[in-house]
2 protein chains.
Amino acid sequence: MKIRALTAPSARSGLSFSEMDVNPDGEHDVVIRVTHCGICHSDIHMIDNDWGMSNYPLVPGHEVVGIVEETGRAITHLRSGDRVGFGWQRGACLQCADCLGGNENLCDASQGTITHGYGGFASHLVADGRFAFPLPEGIPSVSAGPLLCAGITVYGGLRSAGMRGGQRIGVIGIGGLGHLAVAFARALGNEVVAFTTSEDKAKFAVDLGAHEAVVHRDGEFDRPPGKPCDIILSTAPASIATSAFVNLLASDGTLCFVGVPDKPLSIDLFPLLVKRRRIMASPIGGRSMITSMLRDADRFGVAPVVETFPMCKADEALEKVRSNRIRYRAVLVA
Amino acid sequence: MKIRALTAPSARSGLSFSEMDVNPDGEHDVVIRVTHCGICHSDIHMIDNDWGMSNYPLVPGHEVVGIVEETGRAITHLRSGDRVGFGWQRGACLQCADCLGGNENLCDASQGTITHGYGGFASHLVADGRFAFPLPEGIPSVSAGPLLCAGITVYGGLRSAGMRGGQRIGVIGIGGLGHLAVAFARALGNEVVAFTTSEDKAKFAVDLGAHEAVVHRDGEFDRPPGKPCDIILSTAPASIATSAFVNLLASDGTLCFVGVPDKPLSIDLFPLLVKRRRIMASPIGGRSMITSMLRDADRFGVAPVVETFPMCKADEALEKVRSNRIRYRAVLVA
């Protein structure tokens with residue numbers, strides 16, 4: 001079938017509309033008419049070939065929301081007319097220990113929506129329906145896209161780090177990911193402390209529900225927070241002052257990275273040892289985790305703060321994301 | 001009361017017998033007539049003032065086994081004649097969240113047996129009976145000392161990293177700690193792989209129960225092990241090739257340090273991220289964990305391989321420990 005898509009013809013180029021050919025496989029593929037698509041920094045990394053793995057022409061977009069128009073024979077959980085979301089992952093082997101355990105996101109054969117195909121900056125997304133999620137009615141379409149990537153990234157990180165309510169949760173970085181982490185951690189019954197380098201974002205974090213917001217400069221605090229955290233989630237895309245934050249963890253506490261720093265961590269073992277602390281990193285979430293995340297977002301009204309742009313102004317939106325001027329997530333509307 | 005103790009008068013000196021004065025507090029202290037005392041590298045670090053915290057005259061020894069001769073009024077779980085063990089820790093506040101949670105080993109006010117008093121290279125140890133453990137009958141006195149420090153260090157690390165049986169457990173370093181880790185992991189129903197730099201120790205690890213023993217040079221393998229580990233316990237006192245071992249972890253696997261490397265770790269986040277792996281460190285164990293460890297050592301016959309020396313030959317034994325020539329733990333016999 002023919003679709004219309006916003007394509008990058010080469011690295012670091014602007015996007016323009018082209019007509020593309022895509023062929024549903026008849027078995028598992030679904031055709032989703034795109035109504036909304038969020039923009040993530042990974043889209044820009046792929047457009048710019050920052051990871052050296054981009055193929056052109058490239059169609060970005062992996063926070064996709066739309067309406068199912070066709071379903072392959074083997075798809076039983078979706079039907080034409082359903083409103084669905086589609087996130088970072090488009091495929092996995094579905095047979096390995098990770099997949100069988102509900103951790104398709106850890107599968108060695110994991111395929112990314114925009115690393116292994118055309119993404120959602122398009123009229124339609126044609127992709128494996130087993131990675132499309134019916135959206136609960138209470139989640140607006142404009143909110144759902146960012147939940148499918150930024151949302152599951154922080155929710156999966158917090159859950160995998162052991163968040164279960166009644167804990168004190170720190171969030172480093174109040175951006176597209178961090179603001180959703182604050183909202184989820186608060187909604188799920190935790191005391192939340194936001195760590196940011198900006199006074200404005202500290203205020204915003206409190207508006208979002210943080211009990212405390214602490215301004216720091218590279219891990220140095222004017223007034224260090226008084227109480228240790230059970231979990232600290234780092235959503236910062238750059239390196240953080242790891243040791244400073246390790247020292248803010250309670251016994252058996254976990255520092256979980258969902259933003260990957262730009263250089264290797266240097267970690268002093270002694271502060272880990274004395275309080276039996278942990279460091280981990282977590283990538284998005286499996287299908288079961290995504291389903292739980294959507295349920296909780298619906299149940300507790302967790303939604304990203306977004307700026308919307310018409311699809312034809314994608315370049316303008318991308319430029320604002322690139323220069324960190326979006327508050328807090330950009331969404332293209334078809 | 002007067003005791004006879006082997007004392008180091010100053011840093012890096014030999015030990016000699018002296019008479020010392022110690023006064024049981026009447027409430028919680030017990031008087032233990034020492035029959036055996038293991039030797040740990042920490043004893044040497046304290047004798048040599050490697051950590052800059054030693055006070056002289058210093059009496060080493062924190063793998064103490066003996067017979068209770070007196071008990072303070074407030075001690076109810078021990079009586080005169082009981083055979084007990086006493087390990088690294090001699091005190092904690094017993095009121096903080098860590099202590100109340102059974103993690104006295106994480107207490108901010110934790111006191112070490114030889115960092116905050118006289119140790120067990122002596123005729124008697126006078127110390128808080130709440131940190132003395134009745135020894136199950138099946139554990140020989142010559143084995144119990146090393147269990148109380150080396151044993152709980154590896155058992156606590158494995159348990160805190162999530163060991164529950166039916167897993168694949170790697171052990172880095174086959175020495176005083178590592179050989180007990182292999183024995184515990186095997187006894188508790190796991191598939192065990194030993195990582196060592198020595199062909200001899202590889203053979204020994206298999207004799208101890210390891211299903212596989214892999215010789216490596218700084219994390220480089222002739223034949224890398226085929227299957228990933230759920231937990232890898234690093235007992236090496238020096239730095240290890242952290243990234244090489246992180247890559248041997250399964251999804252959600254944990255690399256747990258119980259030997260503290262001599263310099264900060266440098267950790268690449270990406271291998272942690274793709275498989276949601278964790279890094280942690282663990283110090284000894286709380287009283288509940290020690291009790292479980294002794295129960296399991298008794299139940300499954302886990303015992304250290306020891307070389308014994310009469311107490312008067314402590315210097316000779318210390319020299320052998322210092323130069324890594326002990327196979328695998330030295331024990332002084334009174």
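This is a predicted model: local features need pLDDT of at least 70, side-chain atom pairs count only at pLDDT 80 or more; totals for chains, interfaces and linings use all residues.
Copies here are superposed by least squares on the C-alpha atoms of residues with pLDDT of at least 70 in both. With that convention, chain B is brought onto chain A by a rotation of 180° and a shift of 0.0 Å along the axis, at an RMSD of 0.0 Å. The two copies are therefore related as by a two-fold rotation axis.

Residues are numbered from 1 along each chain as its sequence is written, chains are lettered from A and ligands numbered from 1 in the order in which they are written, and side-chain values use heavy atoms, with hydrogens and water left out.

I begin with the interface. The same surface serves both copies, since 100% of the contact residues of chain B recur in chain A. Chain B contributes 31 residues to the contact, and chain A contributes 31 residues.

The size of an interface is often given as the accessible area lost when the parts come together. Buried area is that loss for two parts, taken with a 1.4 Å probe and summed over both. Between chain B and chain A it is about 2800 Å², and carbon and sulfur atoms give 58% of this. Of the area that chain B buries against chain A, 25% is supplied by Leu269(B), Leu273(B) and Arg276(B), more than by any other three residues.

I turn to helix packing. Helices (H or I, at least four residues) and strands (E, at least two) are DSSP runs, numbered from the N terminus. Axes are lines fitted to C-alpha atoms, for helices over the stretch in contact, and angles run from 0 to 180 degrees between N-to-C directions. Angles under 35 degrees count as roughly parallel, over 145 as roughly antiparallel, 65 to 115 as roughly perpendicular and the rest as oblique.

In chain A, the axes of helix H3 (residues 141-160) and helix H4 (residues 178-187) come within 9 Å and cross at roughly 55°. H3(A) is therefore oblique to H4(A). The crossing is right-handed, a term for the near helix being turned clockwise from the far one by less than a right angle. H3(A) brings Pro146(A), Leu147(A), Ala150(A), Gly151(A), Val154(A), Tyr155(A) and Leu158(A) to the contact, and H4(A) brings Leu180(A), Ala181(A), Phe184(A) and Ala185(A). By class these are 10 nonpolar, one polar and no charged. Here Ala, Val, Leu, Ile, Met, Phe, Trp, Tyr, Cys and Pro count as nonpolar, Asp, Glu, Lys and Arg as charged, and the others, Gly among them, as polar.

In chain B, helix H3 (residues 141-160) packs with helix H8 (residues 287-300) at an angle of about 100°, the axes being 9 Å apart. H3(B) is therefore roughly perpendicular to H8(B). Among the residues making this contact are Arg159(B) of H3(B) and Arg295(B) and Asp296(B) of H8(B). The contact has nine nonpolar, four polar and three charged residues.

Finally, the backbone of chain A. The peptide bond from Tyr56(A) to Pro57(A) is cis, with omega near -5°, and Pro57(A) sits in the loop between helix H1 (41-47) and strand E4 (64-71). A further cis bond joins Arg327(A) to Tyr328(A), with omega near 0°. Tyr328(A) is in the loop between helix H9 (314-322) and strand E19 (329-333). Where does Leu94(A) lie? Leu94(A) is placed in the loop between strand E6 (89-91) and helix H2 (97-100). Its phi is near 65°, a positive value in a residue other than glycine.

Notes
Contact means heavy atoms within 4.5 Å.
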